[in-house]
Amino acid sequence: MIGVPLEYYLILSGILFTVGVVGVMIRKNPIVIFMCIELMLNAVNLTFIAFSHRWASFDGQILAFFVMTVAAAEVAVGLGIIVAIFRQRHSIDVDEVHLLKG
Amino acid sequence: MAEAIGFWIVAAVSVVSALAVIFQRNPVRCALFLILNFVALAVLYLLLNAQLLAALQILVYAGAIMVLFLFVIMLLNLGGEQIEHDPLVGQRPLAMALGAALLIGLCSTFLRWANSPASQGNEADITSSLSVDQVSDIGRQLFVHYVYPFEVTSLLLLVGIIGTILLAKRRI
């Protein structure tokens, strides 16, 4: 077996994804929740690249490339939304933003 | 052998920094630990012979996205999180229990797949598979087979820019 077996990368990716999910559930600051979402996206990227290495094709790397691009666009818009909400309420707590009306 | 040692060290750094992201009070420290996690992932991509993606990970994630996060954190000037009561009773222990269940489910799926006949065979020969000049090979794939998602992604980025500028304006 050459190097590290594939399962180790997959299990590491599963651990990182679970840490991200638990972080989204237990944190109150929306910026930190956003960071945990990025952690989940990176765990999935690791899975894509591990499989790309296993089957020796570029498809996994290109999919990870697209995931990175979409994550960048999402972060820009999401942080813009958070700043807009903060400008109105002057406090950031996800539990307070539970009505659609501003 | 050296690859295995490198993998275990970098994987440990990655998991510890991810746990530090979700347990730190100060959001600036969370962002810094997340940057450390991204750099560890870039090293893992190098171990998996994905040089272009490792460089892109540092450039895009650690260099652009996390800098944006740090700008917004410092712009909003928040302090550490206050430890208040959870809206649901017992939310945190329930979150940890569900996370443990998710982890056990994921790991059992991965190990079952790894021991099944679907994963055997067709062992990739590292020397012949992913070439040295990865950038031009990935570029060729991107512009020949994946040209439609590529163009749609550029449209998505344009929409993201317009949306962000609209959100930032005080009077539309």
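Tutor: Ground rules: residues are numbered from 1 along each chain as its sequence is written, while chains are lettered from A and ligands numbered from 1 in the order in which they are written. As this is a predicted model, local features need pLDDT of at least 70 and side-chain atom pairs count only at pLDDT 80 or more, whereas totals for chains, interfaces and linings use all residues.

Student: What makes Asn49(B) buried?

Tutor: A residue is buried if 20 or more other C-beta atoms lie within 10 Å of its own, exposed if 12 or fewer, and partly exposed in between, with C-beta atoms placed from the backbone. Asn49(B) has 20 other C-beta atoms within 10 Å, so Asn49(B) is buried. You'll find Asn49(B) in the loop between α2 and α3 of chain B.

Student: And why is Ala56(A) called partly exposed?

Tutor: Ala56(A) has 15 other C-beta atoms within 10 Å, so Ala56(A) falls in the in-between class. Ala56(A) sits in the loop between α2 and α3 of chain A.

Student: What is there to say about phi in Asn49(B) and Ala56(A)?

Tutor: Most residues other than glycine have a negative phi. Yet phi is positive in Asn49(B), near 60 degrees, and in Ala56(A), at about 55 degrees. Asn77(B), which follows α3(B), also has a positive phi, near 55 degrees.

Student: How do you know that Val94(A) is partly exposed?

Tutor: Count again: Val94(A) has 14 other C-beta atoms within 10 Å, so Val94(A) is partly exposed too. Val94(A) belongs to the segment after α3 of chain A.

Student: Which residues does Val94(A) touch?

Tutor: Contact means that the C-beta atoms of two residues, placed from the backbone, lie within 7 Å. Leaving aside residues up to four places away in sequence, Val94(A) touches Lys28(A), Pro30(A) and Ile33(A).

Student: Where is the kink in α3(B) centred?

Tutor: On Met66(B), with a kink of about 30 degrees. The bend at a residue is the angle between axes fitted to the seven residues ending there and the seven starting there. Met66(B) is also one of the buried residues of α3(B), and those buried residues pack against α2 (30–55) and α3 (59–89) of chain A together with α2 of chain B.

Student: How many residues do the two chains give to their contact?

Tutor: Chain B gives 65 residues and chain A gives 62. Helices that give two or more residues to chain B's side include α1 (2–23) and α6 (147–168).

Student: What makes a residue on that side of chain B nonpolar, polar or charged?

Tutor: Ala, Val, Leu, Ile, Met, Phe, Trp, Tyr, Cys and Pro count as nonpolar, Asp, Glu, Lys and Arg as charged, and the others, Gly among them, as polar. Sorted that way, chain B's side has 51 nonpolar, ten polar and four charged residues.

Methods:
Helices (H or I, at least four residues) and strands (E, at least two) are DSSP runs, numbered from the N terminus.
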